[in-house]
Amino acid sequence: QVQLVESGGGLVQAGGSLRLSCAASGRTFRTYGMAWFRQAPGKEREFVTSITWSTGNTYYTDSVKGRFTISRDNAKNTVYLQMNNLQPEDTAVYYCAARLSTGSSYTYWGQGTQVTVSS
């Protein structure tokens, strides 16, 4: 099993920044990559960004490109999401997720952390 714990959410004004962290524990050596998803009120959960442990390859949804940056610290089994120039539409619960291989679904999920951006 893999356990994921997010932290770093909060309330910020539009144009501000936040950094989320996701600490992985357990059988982390089995995981291939990590991702951040978000779910806004009344909307479906959506993919935000992902990164692979070995190569550090990253992918971003178009709406966050140039504003969000995902990174990882392999020694700490931790993934970060630096969010700059936050906008009210970024308000959501942000979830960290892990998958076991390329192309597989995300199997492990954190409990989520709330990000609220005021206008």
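Modeller: In this predicted model, Phe68 stands opposite Met83 in β8, where strands are DSSP runs (E, at least two residues) numbered from the N terminus. The strands β7 and β8 run antiparallel and are joined by six bridges; two strands are said to pair if DSSP finds at least two bridges between them. Strands of a sheet pair through backbone hydrogen bonds, either parallel or antiparallel.

The model is predicted, with local features needing pLDDT of at least 70 and side-chain atom pairs counting only at pLDDT 80 or more, while totals for chains, interfaces and linings use all residues. Residues are numbered from 1 along each chain as its sequence is written, and side-chain values use heavy atoms, with hydrogens and water left out.

The pair β7 and β8 belongs to an open sheet of four strands, whose order is β1-β3-β8-β7 and whose pairing is antiparallel. Because β1 and β7 stand at the edges with a single partner strand each, one side of each has no neighbour in the sheet. On average, neighbouring strands of this sheet are turned by 15° against each other, direction ignored; the axes behind this angle are lines fitted to C-alpha atoms, and angles run from 0 to 180 degrees between N-to-C directions.

Leaving aside residues up to four places away in sequence, Phe68 touches Arg38, Val48, Tyr60, Leu81, Gln82, Met83, Asn84, Leu86, Asp90 and Tyr94, a contact meaning heavy atoms within 4.5 Å. Phe68 is also among the residues with the most contacts inside the largest nonpolar core, which has 27 residues, and Leu4, Met34, Trp36, Leu81, Met83 and Tyr94 are named along with Phe68. Such a core is a set of buried Ala, Val, Leu, Ile, Met, Phe, Trp, Tyr and Cys residues joined through side-chain atoms within 4.5 Å, and buried means under 20% relative accessible area, with exposed over 50% and partly exposed in between (1.4 Å probe, protein chains only). Strands that each supply at least two residues of this core include β1 (2–7), β4 (33–39), β7 (68–73) and β8 (78–83).
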